[in-house]
Amino acid sequence: WSLLQVALPVLVPASLFINYRVYMVHDGDPEAAMGDLLTLGVQILAGLYVNALVIRRTLVASGIRQYPPGTEWADAADRLPALLVVQLLSGMLIFSGLLVFIVPGIWLMGIFMPAHVLVVAERVSGVTAMRQAWSRFRPAAWQVAGTLIALIAVLMRAMLLLAVVEQSVGSQSPGLRWMAGTVVDVAGLFLTQAIVILLVRFYDL
C-alpha cells in the first residue's frame, strides 16, 4: 500500500497521457507512437520518477536510510537527471555487451543495474554511481544478474497476460482502447517496480 501511494499519482496520469497519444492521436499505430518524442519523453521521465520514489520508500522500509518528512517528492525530482544518466550509460553498455555473445551483457547488467539505487541512496551523480557500481557490485555481478533474470522471466509471463487483455479490446472504439491500455500499462509498470525493490535488496552486498 505504501508503494501504491507514491506510484499511482505518477503512473495513472502518465499512462493516461501516453495511451491518449497512442490511441487517440496515432490511432493505435505502435510505430508512430514510438517515434513520438513527447510520448517517449513522458514515458521515460515518469518511469524514472516512480523508480526514485520506490527506491526511497524501500530504503526507508529496509532501515538503510531515513529522510526528513515532506521531502519525498522534491528529492525524487532532484535525482531525475542523475538517474537519466545512469539509464543511458548502463543501457548502452549492457546493450553493447549483449551484442558480444550475450554473456558480457548479462555480466554488465549485474554490475550496473544497482547504480540506480546508488543515485538515490548516496545522492551522487550518475557518473559517480556508475563508477561506484563497477567497484562495488563487480564481485557479485553473476548473483545480481541471475536473480534479476529469474524475476524478469516471471514478470514477462505476467506482462504477456496483460498484453492478451489489452489485445482483447483492440477492435473496440479508440476511447475504450485508450482506457484499457491505461489500466494495463499502470498494472504492468507497477509490476516492474519489483525489479527496483530487488535492486535495493542488493544495496548491502
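These legends go with close-up views of helix packing and a few backbone spots in a predicted model.

**View 1. Helix H3 from end to end.** H3 covers residues 37-61. Its 25 residues take it 36 Å from the first C-alpha to the last, close to the 36 Å expected at 1.5 Å a residue. Look at the start of H3 and you'll find Asp36, with a side-chain oxygen that comes to within 3.0 Å of the backbone nitrogen of Leu38. At the other end, H3 is followed by Gly63, which has a positive phi, near 75 degrees.

**View 2. H3 meets H10.** Here H3 is shown with H10, which covers residues 174-201. The two axes come within 9 Å and cross at roughly 45 degrees, so H3 and H10 count as oblique to each other. Their crossing is right-handed. On the H3 side, the residues in contact are Val50, Asn51, Val54, Ile55, Thr58 and Leu59. H10 answers with Gln193, Val196, Ile197, Val200 and Arg201. Sort the residues of this contact by class and you get seven nonpolar, three polar and one charged.

**View 3. H3 meets H5.** H3 also packs against H5, and this time the axes come within 10 Å and cross at roughly 110 degrees. Angles from 65 to 115 degrees count as roughly perpendicular, and H3 and H5 are therefore roughly perpendicular to each other. From H3, the contact takes in Ile44, Leu45, Leu48, Tyr49 and Ala52. Their partners in H5 are Leu80, Leu83, Leu84 and Gln87.

**View 4. H5 packs against H6.** These two helices have axes 6 Å apart and an angle of about 155 degrees between them. An angle over 145 degrees counts as roughly antiparallel, so that is the label for H5 and H6. The crossing of H5 and H6 is right-handed. H5 brings Ser90, Leu93, Ile94, Gly97 and Leu98 to the contact, while H6 brings Pro104, Gly105, Ile106, Leu108, Met109 and Phe112. The tally for H5 with H6 is eight nonpolar, three polar and no charged residues.

**View 5. Two loop residues with positive phi.** Ile102 has a positive phi, near 70 degrees, in a residue other than glycine. You'll find Ile102 in the loop between H5 (80-99) and H6 (103-112). Then there's Arg123, also not a glycine, with a positive phi of about 55 degrees. Arg123 sits in the loop between H7 (115-121) and H8 (126-137).

Methods. Residues numbered from 1 in each chain as written. Predicted model: local features only at pLDDT ≥ 70, side-chain atom pairs only at ≥ 80, totals over all residues. Heavy atoms only, no water. Axes fitted to C-alpha atoms, helices over the stretch in contact; angles between N-to-C directions. Helix = DSSP H or I, 4+ residues; strand = E, 2+ residues; numbered from the N terminus. Parallel < 35°, antiparallel > 145°, perpendicular 65-115°, else oblique. Left-handed = near helix turned anticlockwise from the far one by under 90°. Contact = heavy atoms within 4.5 Å. Nonpolar A, V, L, I, M, F, W, Y, C, P; charged D, E, K, R; others polar. Expected span 1.5 Å × (residues − 1). Polar contact = N/O pair within 3.5 Å; in protein donor to acceptor, adjacent residues only side chain to side chain.
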